[in-house]
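Please have the sequence and the model in view while reading.

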Amino acid sequence: MIETLNYHHLRYFWAVAREGSVTRAAERLGMSAQTVSGQVSRLEAALGQALFTQVGRTLELTEAGRAALSYADQIFLLGEQLTDALRDASLERTLRLSAGVADVVPKTVSYHLLEPALSATDALRLTCREGSFDELLNELALHRLDIVLSDRPALAGQAQFESRLLARCPVGVYGTPELAGRYRQGFPASLSGAPLLMPTRDNVLRGQVEAWLSEIGVRVRVVGEFEDGALMKTFGGRGFGLFPAPSFASADITGHFGVEKVGDIGSVFEQYWAIANRKKIRHKAVAAIWAAGSDEAR
């Protein structure tokens, strides 16, 4: 049976793993190397796993050691955050919101979607984390996040989550003034043979744009594929090709990237969803975001 975890022993292990040697860790901790080594050995005995292996004159983490270090990083980071939070004189009136933003959601759109929470209280402490859809839902399930913003709702079988459609935005095609001027006349038929930047195939928008092009019988030249939407827009702003983007904040796109709209894709819409644990919807900031959603578009 595994003993109750001793966090002092874990701290010594963490120091050795970070410093790369018992001697340097002991110097950092102001202790003897023998004491630090003994504490790490006790942790290994409690866990029933070797955390280090000797390779020549250096210590290397075992697979178990790498897993333990990952958890230790999180544990001590949370400890620092706890200390900072309790030292905050305004703690009692501070409303904290931990939001996960799927990496397919444009940065400017994220701001607009979170904006209702910013006005929900004068003392909001907002933490944003970006990641993949699946990663963020796992964090939401573990209550490490209060809300997730994405381009899709939670699956029907994920009963612990509630999904809310926040916005349904038309999609436009953008490009530098030179490219926009060349392809604006006769849009969208004018796009035949045009250089087009596209999201990667795991992005919902990619499939929608391809279906639209097929429907109107236009073949383009895909000259670039990007996982990151901001990177795609940056290349578009340099004249590498035209690119599709939601027009939720068209002025943000044209102003920031120095591009112009070529035309709207009338049948394609980008949807943005909020996902929360059902009990978290009562959270004041989450409720403000929820209230800004669209009942008609659900």
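## Terms and basis

Residues are called buried under 20% relative accessible area, exposed over 50%, and partly exposed in between, using a 1.4 Å probe and protein chains only. This is a predicted model, in which local features need pLDDT of at least 70 and side-chain atom pairs count only at pLDDT 80 or more, while totals for chains, interfaces and linings use all residues. Residues are numbered from 1 along each chain as its sequence is written, and side-chain values use heavy atoms, with hydrogens and water left out.

## Salt bridges overall

Across the whole structure, a search finds 15 salt bridges, each being a side-chain nitrogen of Lys or Arg within 4 Å of a carboxyl oxygen of Asp or Glu. A network of such bridges links Arg201, Arg206, Glu210 and Glu225.

Glu63 and Arg66 form a salt bridge whose closest N and O atoms are 2.3 Å apart. Both residues lie in helix H4 (residues 63-87), three residues apart, about one turn of the helix; helices are DSSP runs of H or I with at least four residues, strands are runs of E with at least two, and both are numbered from the N terminus. Glu63 counts as exposed at 59% relative accessibility, whereas Arg66, at 43%, is partly exposed.

## A pair between a strand and a helix

Glu260 and Arg184 meet through their side chains in a salt bridge of 3.0 Å, N to O. Because Glu260 belongs to strand S10 (residues 260-277) and Arg184 to helix H7 (residues 177-184), the pair ties together parts that are 76 residues apart in sequence. Glu260 is partly exposed, at 31% relative accessibility, and Arg184 is partly exposed with a relative accessible area of 36%.
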